[in-house]
Amino acid sequence: MSVHAFIFPGQGSQSVGMGRELAEAFAPAREVFEEVDDALGQRLSTLMFDGPMDELTRTENTQPALMAVSLAVLRVLEKEGGIDLKRTAALVAGHSLGEYSALAAAGAMGVAQTARLLRVRGEAMQKAVPAGEGGMAALIGVDLDQARDICAEAAILRVEGQPERTETIEVANDNGGGQIVISGRIAAVERAIGIARGRGVKRAVLLPVSAPFHCSLMAPAADAMAEALDRAGIAAPVVPVVANVSAAKVTDPQAIRDLLVRQVTGTVRWRESVEAMVAMGVDSFVELGAGKVLSGLVRRIDGTVATRSVGTPADIEAFLAAL
């Protein structure tokens, strides 16, 4: 019998049209989308179904939208398929904003509250660094130590006739399979790309993002989230959540709050999280929501485990048939 972990995607998995088939096919999915729309006072579902893409990719929209699709899939599995998360999954985890989806899935917070928290998170992250001053890049074909070395070198700003200065640049995501994302001041990120290419790194590319997520420049956003989470009602999840910044199980509500605050500026330790779940006996990863990004990452981290993406009515039917 497989030991499942349910995993929930983060930014980069969004696309115009996501969730539309679910809403057309299942009343429980429509209920989730309506709940999120009501919580935000916005027809976010219309933006998800019809675009435009540039509005959907604004981080304050992307974050609650991806959560809504993930929770709609889960609600359909529960209501239509008789799935009980506590009996079906040993653990849950999510990538960045997906950690909020995982917590909502495990009953630590309600859908409406999660949507409002993600709206605060998205707005705070966008405001933390003025547009154009920060950036992120993906390095392909490096390990964590190599990426840290590249960041350390890129952090140094040398201008002739002036003392050396340092600029913020840090590892934002350790995604596994040789994929590392770095984040910081745009000039430092651009220097890192040049250094990486000079060292023969397979690929080094600037990412089309609106802010430098998961680095210390996000400190104002972490403060905003500390305030918002302090007011939020958080219960113990029905199954443990593997947290991004610790790559370890957590069930205590106050610890969950603290880890979510640290997550804003901290590295998403996805590779270590997957390795930890495998070490805990998980042999099947089920990605709930939009896209198939996490399933691909998991396969690159550990080729021995089963992966499945569940995001459409056809995916739901196939998953239920396989159980």
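Which residue in β7 is the bridge partner of Val 171? I looked it up, keeping in mind that this is a predicted model: the partner is Ile 182.

**Sheet**

I then checked the pairing around that bridge. β6 and strand β7 (residues 179–185) run antiparallel to each other, with six bridges between them. They belong to an open sheet of four strands, ordered β6-β7-β3-β8, and the pairing is antiparallel. At the edges I found β6 (169–176) and β8 (203–206), each of which pairs on one side only. I also noted the twist, which averages 20 degrees from one strand to the next.

Next I asked what packs on the sheet. Helix α10 (residues 186–198) does, touching β3 (134–140), β6, β7 and β8. Its direction makes about 145 degrees with that of β7.

I went back to Met 218 for its contacts, leaving out residues up to four places away in sequence. Among them are Met 125, Ala 128, Val 129, Phe 213 and Val 264.

**Ring pairs**

How many aromatic pairs are there? My count came to two.

For Phe 6 and Phe 319, I got ring centres 6.3 Å apart and planes at 70 degrees; planes over 60 degrees apart count as edge-to-face, so this pair is edge-to-face. It links distant parts of the chain: Phe 6 sits in strand β1 (residues 4–8) and Phe 319 in helix α15 (residues 313–322), 313 residues apart. Are these two buried or exposed? Phe 6 and Phe 319 are both buried.

The other entry is Phe 33 with Phe 49, edge-to-face too, at 5.6 Å centre to centre and 80 degrees between the planes. Phe 33 lies in helix α2 (residues 27–40) and Phe 49 in helix α3 (residues 44–50), so this pair ties together parts that are 16 residues apart in sequence. I checked burial here as well, and both Phe 33 and Phe 49 are buried.

How values were computed: Residues are numbered from 1 along each chain as its sequence is written. This is a predicted model: local features need pLDDT of at least 70, side-chain atom pairs count only at pLDDT 80 or more; totals for chains, interfaces and linings use all residues. Side-chain values use heavy atoms; hydrogens and water are left out. Contact means heavy atoms within 4.5 Å. Two strands pair if DSSP finds at least two bridges between them. Helices (H or I, at least four residues) and strands (E, at least two) are DSSP runs, numbered from the N terminus. Axes are lines fitted to C-alpha atoms, for helices over the stretch in contact, and angles run from 0 to 180 degrees between N-to-C directions. Rings of Phe, Tyr and Trp (its six-membered ring) pair if their centres lie within 6.5 Å; planes under 30 degrees apart count as stacked, over 60 as edge-to-face and the rest as tilted. Buried means under 20% relative accessible area, exposed over 50%, partly exposed in between (1.4 Å probe, protein chains only).
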